[in-house]
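Open the structure in your viewer and keep the selection tool at hand. The stops below say what to select next and what is there.

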Amino acid sequence: MDQLADTSLVELAKAGDQHAFAELYNRYFDPVYDFVSRMTRNRDEAADIAQDTFLKAMNALGGLQKGASFKSWIFAIARNTALNRLEKASRIRPPTFEDNEGNEVSFDVVDTDRFSNPEEAAQAGAIASLVWEAATGLDPRQLSLLDLHLRQGLDSGEIADVLGVTKNNGYVMLNRLKKAVEEAIGAFIMFKTGRQYCESLDAALSKADIRGMSPETRKLVERHVAQCPGCEERKRKLAPLAAFAAFGAIGSPVGAKAHMLEGLMEQWPGPAAGGGSAASGAGGGGTTPRGGSAAAGGAGGAGRSFLKAGSVLAVLAVSLVVLLLVPQSPIALTRNDSGAVKHADTDPGDGGVSPTTATATATATPTTAAASPPPTETPASSPTPATGAGNTGPTATHTPSPAATPTKAPNTATPTATRTSTPTATPTKTSTPTPSPTATPTTVPCNPVLNGSVFALEIAPGGFATFAVTNPEPCGASFSVGTAGGLWLSASPAGGTIPAGSEALVTVSVNAALLPAPEGDYFGTVTVFGSNNSFSVQVTTTRGGQPPRVQSITGQCLLTALGASFTATITDDVAMGSATVYFTASGGAAHQVALANTSANTWSGTITGVSARNGSNFRVVAIDASNKQTTQAFAAPC
């Protein structure tokens with residue numbers, strides 16, 4: 001069975017094969033436990049979530065479509081279960097936890113066997129602790145997707161299945177996430193270690209009096225790295241995602257895996273709805289494969305015992321109804337001393353039979369005929385239980401008609417004697433019917449947890465983007481939307497209600513006019529609040545973003561003295577910072593000329609006392625307000 005594909009095992013398990021589900025469990029328990037361990041950083045909580053994951057999967061197996069990926073399905077259950085627990089816990093999670101013996105289990109240990117190049121393995125080991133420290137600061141939703149992709153091996157299509165989005169959306173979301181996380185972790189590592197290698201970075205951080213990581217720190221580090229070849233090369237070699245992907249697996253407590261499987265098999269539900277034929281469930285216990293384990297037999301016996309219990313309860317219920325209606329029963333609803341039934345709730349004005357009388361009529365006719373047979377008693381009607389809201393008892397009427405014929409009679413008129421007796425039954429006891437308890441339908445609580453289709457958006461100034469808020473639960477869910485980061489960020493609608501199993505679209509806009517004047521990256525957050533959870537979407541917009549453009553640059557040697565003048569036309573999408581001309585004189589000395597912004601996009605400058613004639617390596621370097629720069633060479637002026 002271990003050679004069968006997941007899809008084949010799923011279909012066998014749907015038909016009631018416990019061994020097939022046990023094989024799926026054995027394949028995925030370890031990676032599921034490893035996955036939720038890194039999310040919760042709590043050994044007991046991880047074990048509980050792993051068990052809950054497979055219990056949910058076992059009971060919902062019939063809902064998994066034929067041919068669908070069991071891998072992405074089981075990880076989706078694990079992820080949602082873990083996120084719900086974390087949302088409710090709202091506590092700080094430690095970066096490690098203890099094993100059975102109380103020893104600390106570290107999450108930042110790199111499995112060097114995953115690298116074919118020893119140098120790459122050594123590099124990953126050197127930055128592993130910093131990579132994990134940075135990863136613990138990620139939003140749990142981002143961390144979970146990163147782990148599923150890099151460590152558990154889910155591709156973009158399977159990630160899309162986990163998130164419930166299209167494959168194209170899954171691909172785009174995953175690549176954006178990887179890029180954003182790689183940049184964030186890389187900047188964090190450079191902040192932590194780069195200043196010891198680069199005096200300029202150390203000076204820049206010291207000047208800004210930066211002591212901790214923040215969005216502003218990240219921007220400063222990234223700007224420096226973009227201008228510093230040494231830091232740029234060092235950051236390029238970091239490969240933080242490769243180190244994250246190589247983190248070793250976290251093992252479950254000793255014996256936990258087998259113990260949980262035994263518990264699951266004791267609760268085995270049998271064939272899933274729609275997953276097997278009716279014949280396979282004959283006997284009430286679900287199909288047990290040949291050679292099944294004791295646990296499997298126990299599961300089947302539990303099913304049969306349940307059906308037996310149901311049959312016994314049904315018989316008891318019928319017997320109770322009979323005893324309530326039979327007059328001679330000690331628990332009859334109403335009866336009199338003579339055994340006649342009294343209707344409990346019959347309105348005397350409703351035209352029904354009076355419940356208080358019974359009539360017997362006897363007629364004696366003396367004739368000369370032979371003796372008649374002994375009197376017989378013929379019931380006029382059989383007791384019939386009444387139905388309806390009145391819940392009245394049965395009615396019985398007895399009419400004995402004995403006919404006595406004397407052996408001697410005079411030949412005179414034959415008198416007819418008619419005797420009518422109307423005994424009135426006076427009950428001495430009346431039992432008050434005890435109403436049966438009304439079964440209150442059990443309401444399954446529905447606590448909708450909202451999910452977002454994305455966790456990061458990049459929006460150009462003046463642009464907008466949308467993301468979906470999904471409600472996968474069988475009941476409606478209300479939500480509200482808030483923004484943080486600046487007036488330039490807005491989202492609509494401000495809230496609403498999402499029907500069961502549906503979604504709502506939220507539009508996020510960036511107002512270019514309200515962005516701060518300086519160039520650079522700006523960050524904001526859109527948070528969706530539900531009744532049971534909330535999640536955030538990181539928004540990044542870049543003011544400017546393009547380096548300066550040198551439209552033209554010319555130089556001219558001075559006629560009356562040694563020197564040269566230079567004029568450049570330079571544009572930028574936001575704001576220019578500076579422009580400088582560099583050249584090497586004929587004697588080999590290097591010189592530079594600072595240009596001034598004389599009008600609009602014109603920059604001019606002059607150098608005297610130095611001959612530019614026969615010089616070389618003439619170039620202009622333009623730097624904008626966000627430190628993006630452009631270098632353009634030009635010909636010697638003379």
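Which domains supply at least three residues each to the lining of the second largest pocket? Select domain 1 (6-95 + 102-246) and domain 2 (449-543): each gives at least three residues to that lining. These domain bounds come from an automatic or database domain assignment.

Before going further, note that this is a predicted model: local features need pLDDT of at least 70, side-chain atom pairs count only at pLDDT 80 or more, and totals for chains, interfaces and linings use all residues. Residues are numbered from 1 along each chain as its sequence is written, and side-chain values use heavy atoms, with hydrogens and water left out.

**The pocket.** Select Trp-73, Ala-76, Asn-80, Asp-161 and Val-162, which lie nearest the centre of the second largest pocket among its 30 lining residues. A pocket here is an open set of points on a 1 Å grid over the protein atoms alone, where a 1.4 Å probe fits, with protein on both sides within 12 Å along at least five of seven lines; lining residues have an atom within 4 Å of a point. Its space is about 810 Å³, a volume being that filled by probe spheres set on the points.

Next, select α4 (70-89), which supplies the largest share of the lining, eight residues. Other elements that give at least two residues each include α7 (156-163), β9 (464-471) and β13 (502-510). Helices (H or I, at least four residues) and strands (E, at least two) are DSSP runs, numbered from the N terminus. By class, the lining has 10 nonpolar, 14 polar and six charged residues.

**The disulfide.** Select Cys-446 and Cys-475, whose sulfur atoms are 1.9 Å apart in a disulfide (a pair of cysteine sulfur atoms within 2.5 Å). Cys-446 is in the loop between β6 (417-421) and β7, and Cys-475 in the loop between β9 and β10 (477-484), so the link ties together parts 29 residues apart in sequence.

**Backbone.** Select Ser-492 and Pro-493: the peptide bond between them is cis, with omega near 0 degrees. Then go to Arg-41, in the loop between α2 (18-40) and α3 (43-59), where phi is near 55 degrees.

**Confidence.** Finally, select residues 275-431, where pLDDT (the predictor's confidence in each residue, from 0 to 100) stays under 50.

Note on methods: Contact = heavy atoms within 4.5 Å. Nonpolar A, V, L, I, M, F, W, Y, C, P; charged D, E, K, R; others polar.
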